[in-house]
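Please walk through the model below, one feature at a time. Keep the sequence and the 3D view side by side as you read.

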Amino acid sequence: MSVAAQVFVVVAGVFHVVVFALESVLFRKPSTYRRFLVKDTEVEAVRPWAFNQGFYNLFLAIGALGGLIWGGDKGHAIALFACACMAGAGIVLLASDRQMLRAAATQAVPPILALVLAAIL
């Protein structure tokens, strides 16, 4: 895998670690849950979903970053599969709520770039 593709795998992985922290560790802070368009009255109902979703993001990050660390064809395949999942989730986010365009792009663009660069370089 090219260095350029690896850079975007790392960007995607680090982003998903940050989102894990927001969703699973810091979600009860008003400044955090409002980023996810959650109202004050909805926090306790949404919190278990956010906690679970945060771990999905962590596991994707582990796949992307761990695959790079493992290296070789198998490790890179794991990293790229994680990126494909990240990209797919970003597309689903946008399809489900157009207000989430910025979040969907932030989530999907780096792994899409990693996939494209891995395919062409």
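Glu44 and Arg47 share helix α3, where they sit 3 residues apart, or about one turn of the helix. This is a predicted model. The two side chains meet in a salt bridge, with 3.5 Å from N to O. Arg47 has 27% relative accessibility, so Arg47 counts as partly exposed. Side chains of opposite charge can pair when their charged atoms come close.

Glu44 has another partner. The side chain of Arg28 also meets Glu44 in a salt bridge, at 3.6 Å from N to O. This pair links distant parts of the chain. Arg28 belongs to the loop between α1 and α2, while Glu44 is in helix α3, 16 residues apart from Arg28. Is Arg28 buried or exposed? Arg28 counts as exposed because its relative accessibility is 51%, and the cut-off for exposed is over 50%. Together, Arg28, Glu44 and Arg47 are linked in a network of salt bridges.

How many salt bridges does the structure hold? The count is 3. One of them joins the side chains of Asp40 and Arg34, at 3.0 Å from N to O. Asp40 has 46% relative accessibility and so counts as partly exposed. Arg34 is partly exposed too, with a relative accessible area of 47%.

Now look at Leu37. This residue lies in the loop between α2, residues 30-33, and α3. Its phi is positive, about 60 degrees, although Leu37 is not a glycine. Leu37 has a relative accessible area of 43%, so it is partly exposed.

Next comes the empty space. Rolling a probe the size of a water molecule over the atoms shows where such space is left. The largest pocket holds about 730 Å³ of space. Its lining has 25 residues, and the closest to the pocket centre are Glu23, Phe36, Gln53, Leu93 and Met100. Which helices each supply at least two residues of the lining? They are α1 (3-25), α3 (43-70), α4 (72-96) and α5. Helix α3 gives the most, with 6 residues.

Glu23 lies in helix α1. At 10% relative accessibility, Glu23 counts as buried, because buried means under 20%.

Finish on the surface. Which residues form a nonpolar patch there? They are Ile91, Ile112, Val116, Ile120 and Leu121. Together these residues have about 490 Å² of accessible area. Helix α5, residues 101-120, gives the largest share of the patch, with 3 residues. Leu121 sits in the segment after α5. Leu121 has 61% relative accessibility, so it counts as exposed.

How values were computed:
Residues are numbered from 1 along each chain as its sequence is written. This is a predicted model: local features need pLDDT of at least 70, side-chain atom pairs count only at pLDDT 80 or more; totals for chains, interfaces and linings use all residues. Side-chain values use heavy atoms; hydrogens and water are left out. Patches are made of residues with over 30% relative accessible area and no salt bridge: like charges are joined within 9 Å, nonpolar side chains (Val, Leu, Ile, Met, Phe, Trp, Tyr) within 5 Å. Accessible areas come from the Shrake-Rupley method with a 1.4 Å probe; for residues, only the protein chains shown count as cover. A salt bridge is a side-chain nitrogen of Lys or Arg within 4 Å of a carboxyl oxygen of Asp or Glu. Helices (H or I, at least four residues) and strands (E, at least two) are DSSP runs, numbered from the N terminus. Buried means under 20% relative accessible area, exposed over 50%, partly exposed in between (1.4 Å probe, protein chains only). On a 1 Å grid over the protein atoms alone, a cavity is a set of points where a 1.4 Å probe fits but cannot get out, and a pocket is an open set with protein on both sides within 12 Å along at least five of seven lines; lining residues have an atom within 4 Å of a point. Grid points are joined across faces, edges and corners, and a volume is the space filled by probe spheres set on the points.
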